[in-house]
Structures are given as structure tokens and as C-alpha cells.
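I went through this structure from the overall layout down to single residues. These are my notes, in the order in which I looked things up.

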Amino acid sequence: MFNSFELAGAAQGQGGGILGLILPFVLMFVIFYFLLIRPQQKKQKTRNAMLSALSKGDKVVTIGGLHGTIVEITDDIVVLKVNDVTKLTFDRNSISHSVNADA
């Protein structure tokens with residue numbers, strides 16, 4: 001019933017079907033990489049650079065919104081002076097951003 005040309009054509013159609021299934025997944029990964037993964041990596045890199053550049057006397061804001069000035073700093077702990085008497089100890093990763101003196 002089937003001749004050899006019909007079977008060869010059917011085999012070629014299946015190979016294109018696998019490529020047709022894989023190609024959308026590859027395109028979706030590329031889109032996710034450029035829209036989600038890459039910007040997040042850049043943001044994390046700038047945050048790590050900011051955290052490593054912290055020093056005594058810098059005015060910072062914590063993730064919780066507390067404003068203070070750094071009086072002591074180690075590799076993983078930051079002590080903030082909130083007012084004349086209050087000093088609070090935070091994890092270094094809890095610093096949200098540094099506040100410029102110009103602002």
C-alpha cells in the first residue's frame with residue numbers, strides 16, 4: 001500500500017516536528033534571559049558593590065526604612081547611630097541604600 005517515497009516523506013516530517021517543538025522553548029529561554037535574568041544579575045552586582053563600599057560615617061537606609069549613620073562596620077554586621085543615644089545593630093545585607101550628602 002505505501003511506497004518508499006511516502007515513508008521517506010513521513011520520516012522527514014517528524015524531524016521537522018521535533019525542531020518545531022524545541023525552537024519555541026529556546027526562544028522563550030532567550031527572551032527570559034534578556035528580560036528577567038540579566039537585569040537581575042546587574043542589579044545584584046551593583047548592590048554588592050554598594051555594600052562593599054560602605055564605611056564609617058555613611059548615612060544609610062535599611063530595608064525596613066530606618067535612617068541612620070554607620071558608627072561601626074565589620075564583614076557582616078553594621079552598627080547604626082539613629083540619634084544621639086541610640087545605636088542599633090543590623091546585618092550588613094539589611095542595608096537598602098546609601099543616602100548622599102547632596103540630597
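Predicted model: local features only at pLDDT ≥ 70, side-chain atom pairs only at ≥ 80, totals over all residues.

**Entry 1, layout.** I looked up the secondary structure and found 1 helix and 5 strands in the protein chain. Read along the sequence, the pattern is α-β-β-β-β-β.

**Entry 2, sheet.** In what order do the 5 strands lie in the sheet? I read β4-β3-β2-β1-β5, in an open sheet with antiparallel pairing. β4 and β5 are at the edges with a single partner strand each, so one side of each lacks a neighbour in the sheet. I noted an average twist of 45° from one strand to the next. As a reminder to myself, strands of a sheet pair through backbone hydrogen bonds, either parallel or antiparallel.

**Entry 3, β1 with β2.** I took strand β1 as residues 59-62 and strand β2 as residues 67-73, and counted 3 bridges between them in the antiparallel sense. Within this pair, V60 sits opposite G68 of β2. The hairpin of β1 and β2 has 4 residues between the strands. Which residue in this hairpin takes a positive phi? I found G65, with phi near 100°.

**Entry 4, β2 with β3.** I moved on to strand β3, residues 77-81, which pairs with β2 in the antiparallel sense over 4 bridges. These two strands also make a hairpin, with 3 residues between them. For E72 I looked up the bridge partner in β3 and got V79.

**Entry 5, β3 with β4.** How many bridges join β3 to β4? I counted 5, and the two strands run antiparallel. Here L80 stands opposite L88 in β4.

I listed the largest nonpolar core, which has 7 residues: L51, L54, V60, I70, V78, L80 and I95. V60 and L80 had already come up in the strand pairing, V60 opposite G68 and L80 opposite L88. I then looked up what I70 touches, leaving out residues up to four places away in sequence. The residues in contact with I70 are L54, S55, K56, G57, D58, V60, V78, V79 and L80.

I found S94 in the loop between β4 (87-91) and β5 (95-99). Is S94 buried or exposed? Its relative accessibility is 18%, and the cut-off for buried is under 20%, so S94 counts as buried. Leaving out residues up to four places away in sequence, S94 touches T62 and I63.

I searched for aromatic pairs and found 1. Y33 and F34 form the pair, edge-to-face, 5.2 Å centre to centre and with 80° between the planes.

Buried residues make up 13% of its 103 residues. The accessible surface comes to about 8,200 Å², and carbon and sulfur atoms account for 63% of this. Of the contacts with a separation of 6 or more, 33% are between residues 24 or more positions apart.

Methods: Residues numbered from 1 in each chain as written. Heavy atoms only, no water. Buried < 20%, exposed > 50% of the residue type's maximum accessible area, 1.4 Å probe, protein only. Contact = heavy atoms within 4.5 Å. Phe/Tyr/Trp six-rings, centres within 6.5 Å; stacked < 30°, edge-to-face > 60°. Areas by Shrake-Rupley, 256 points an atom, 1.4 Å probe, with all protein chains shown as cover. Core = buried A, V, L, I, M, F, W, Y, C linked by side-chain atoms within 4.5 Å. Pairing = 2+ DSSP bridges. Axes fitted to C-alpha atoms, helices over the stretch in contact; angles between N-to-C directions.
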